[in-house]
Amino acid sequence: MSLDFPLDRAAHPLPGAERRAILADPGFGRWFTDHMAVAAWDTERGWHDGGIRPLAPFTLHPGAAVLHYGQEIFEGLKAYRHADGSLWLFRPRDNARRFAASARRLALPELPEDAFLRAAEELVRADADWVPEADADGPEGSGEQSLYLRPFLIATEPFLGVRPSAQALFRVLASPAGPYFPSGVTGVTLWVTETYARAAAGGTGAAKCGGNYAGSLAAQNEAREHGCEQVLYLDSAGHGTIEESGTMNLCLVTRDGELLTPALGTILEGVTRDTVLALAPELGLRPVERAIPLAELRSRVAEGTVTEVFAAGTAAVLTPVTGFKGEGYAVTVGDGTPGATTLALRRAVLDLQYGRTEDRHGWLHRVR
Ligand SMILES: Cc1ncc(COP(=O)(O)O)c(C=O)c1O
C-alpha cells in the first residue's frame with residue numbers, strides 16, 4: 001500500500017506579517033514553517049500514518065533507541081522559487097536514494113523513494129508562502145534564498161538492548177534559508193586535522209547519520225582554535241589522503257583543466273559533487289575521481305598546478321577554499337581569493353536551480 005501525505009492544515013499559521021519579517025532575513029536553520037511531514041513505521045504495520053500536520057513537538061519515551069544508540073539518519077535538500085513564482089526541488093530522487101542507503105546502513109526501515117518525494121512535495125505545497133523569492137541582482141551570492149528541507153528518521157522503540165528498533169518515526173521539517181554569503185562569495189580556510197577522523201572503511205562515513213556530525217564537533221572546535229572556518233578530514237588509516245570537509249565534498253581545479261575530487265568510499269556521495277562533475281565538461285573541465293594524497297595537494301597548490309580548491313554542498317552550493325593549515329604548515333590557494341572557475345561553476349549550478357538556464361539533465365522537479 002502506498003503511503004499518502006494528506007494535509008491537516010494548521011489552524012493558527014504564523015500571521016503573514018510575521019512570516020514576511022522572518023523571510024526578510026531568515027539566516028539558516030533558525031525558523032520553521034507552519035507544517036511538517038510525518039509518517040510512522042513498525043515491524044507489524046510497515047509504513048503508516050503519513051500526513052502533513054501542523055508543526056508541533058512530539059513526545060518520546062525516554063527509552064527510545066535513538067536517545068541511547070543514535071539510530072538516526074537525515075537528509076538536506078532545498079525548494080527554489082523561480083522568477084515566475086513556480087516552486088521546484090533539485091534532484092530530490094538523489095536525496096531519496098541516499099536516505100534509503102543511509103537507512104540500510106543504520107538498520108532503519110527504508111522509506112520508498114516515491115513516499116520521500118511526496119512528503120517533500122506536499123510539505124512545500126502546504127508551506128508555499130514560506131519559499132523565499134530569489135534575487136538575481138546584487139553581489140554574487142547575495143540573492144540565494146530557498147526553503148531548506150530536513151527529512152529525518154529516528155528509532156523510537158523503548159528498549160535498552162542493542163538491536164534494530166522495531167519502531168521508527170519519519171519527519172520532514174522546512175526552514176527558510178537566506179543567502180549563505182549575504183555580502184558576496186568569500187573563501188574559507190580549512191584545518192587539516194590529524195587528531196580526528198570522520199570515517200573509516202566499513203564505518204558510517206558514506207551514510208548521513210547524526211553520529212557522524214556529533215563526532216565532527218570537536219574537530220570543528222580544533223579548526224576554530226587554529227583560525228580556520230572548516231575541517232578537512234584525511235583517511236583514518238594513514239592520514240595520507242584527503243577525504244572531505246564536515247558538510248561538504250572537496251574539489252580541486254588543476255592548471256591543465258582537471259576537476260579533481262576524492263573517489264567515493266568513506267565520503268558522503270554529495271548531490272552537489274555529482275552535479276559539478278556532470279557540469280564540468282560544459283565548462284571545459286575533465287572530471288576525475290581518484291584518491292588524492294595530502295602531499296600532492298600541498299605540493300601542487302604550492303607550485304601552482306592546482307589553481308583552485310572549493311567545497312561543494314547543498315547549503316552553500318560551492319564555497320571557495322582559499323587556504324589550508326595543518327600542524328606546522330599553512331598554504332594559500334592561488335592568490336588567496338575565490339577562483340574564476342569556482343565562481344563560474346557555482347553560477348552554473350545556481351542558474352539551473354533557479355531556472356535561469358535550460359535543465360538539460362532533467363534535475364529539476366516541479367512542485368507547484
Ligand atoms: C559530510 C558531508 N559531505 C558532503 C555533503 C554534501 O552533500 P550534498 O551536496 O548532497 O549536500 C554533505 C551535506 O549533505 C555532508 O554532510
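The structure is a predicted model, in which local features need pLDDT of at least 70 and side-chain atom pairs count only at pLDDT 80 or more, while totals for chains, interfaces and linings use all residues. Residues are numbered from 1 along each chain as its sequence is written, and side-chain values use heavy atoms, with hydrogens and water left out.

To the contact (heavy atoms within 4.5 Å), domain 1 contributes 21 residues and domain 2 contributes 21 residues. About 1,900 Å² is buried between domain 1 and domain 2, and carbon and sulfur atoms give 53% of that area; buried area here is the accessible area (1.4 Å probe) that two parts lose on being put together, summed over both. On the domain 1 side, F74, F90 and R98 supply 30% of the area buried against domain 2, more than any other three residues.

Polar interactions also join the two domains. Between domain 1 and domain 2 there are 2 salt bridges, a salt bridge being a side-chain nitrogen of Lys or Arg within 4 Å of a carboxyl oxygen of Asp or Glu. There are also 13 residue pairs in polar contact between the domains, both residues at pLDDT 80 or more. A polar contact is a pair of N or O atoms within 3.5 Å; within protein, one must be able to donate a hydrogen and the other to accept it, and residues adjacent in sequence count only if both atoms are side-chain atoms. On the side of domain 1 that touches domain 2, β3 (72-74), β4 (77-81) and α3 (92-105) each supply at least two residues, and α3 gives the largest share, 5 residues. Helices (H or I, at least four residues) and strands (E, at least two) are DSSP runs, numbered from the N terminus. By class, this side of domain 1 has 7 nonpolar, 5 polar and 9 charged residues; Ala, Val, Leu, Ile, Met, Phe, Trp, Tyr, Cys and Pro count as nonpolar, Asp, Glu, Lys and Arg as charged, and the others, Gly among them, as polar.

Some individual residues deserve a visit. L250, in strand β11 (residues 249-254), is buried, with a relative accessible area of 0%; buried means under 20% relative accessible area, exposed over 50%, and partly exposed in between (1.4 Å probe, protein chains only). Beyond its neighbours within four places in sequence, L250 is in contact with residues including L190, L232, I242, V309, F310 and V321. Helix α7 (residues 271-279) is largely enclosed by the rest of the structure, because 7 of its 9 residues are buried; among them are V271, R273 and L279.

Most residues other than glycine have a negative phi. D49, in strand β2 (residues 46-54), has a positive phi near 55 degrees. A107 also has a positive phi, of about 55 degrees; A107 lies in the loop between α3 and α4 and is partly exposed, at 39% relative accessible area.

The structure as a whole holds 23 salt bridges. R19 and D129 meet in one of them (4.0 Å, N to O), linking helix α1 (residues 16-24) with the loop between α4 and β6 across 110 residues. R19 counts as buried at 13% relative accessibility. R93 pairs with E113, with the closest N and O atoms 3.3 Å apart; R93 lies in helix α3 and E113 in helix α4, so the pair ties together parts that are 20 residues apart in sequence. Within helix α3, R97 and D94 are 3 residues apart, about one turn of the helix, and their side chains form a salt bridge (3.3 Å, N to O). R91, R93, D94, R97, E113, D114 and D274 are linked in a network of salt bridges.
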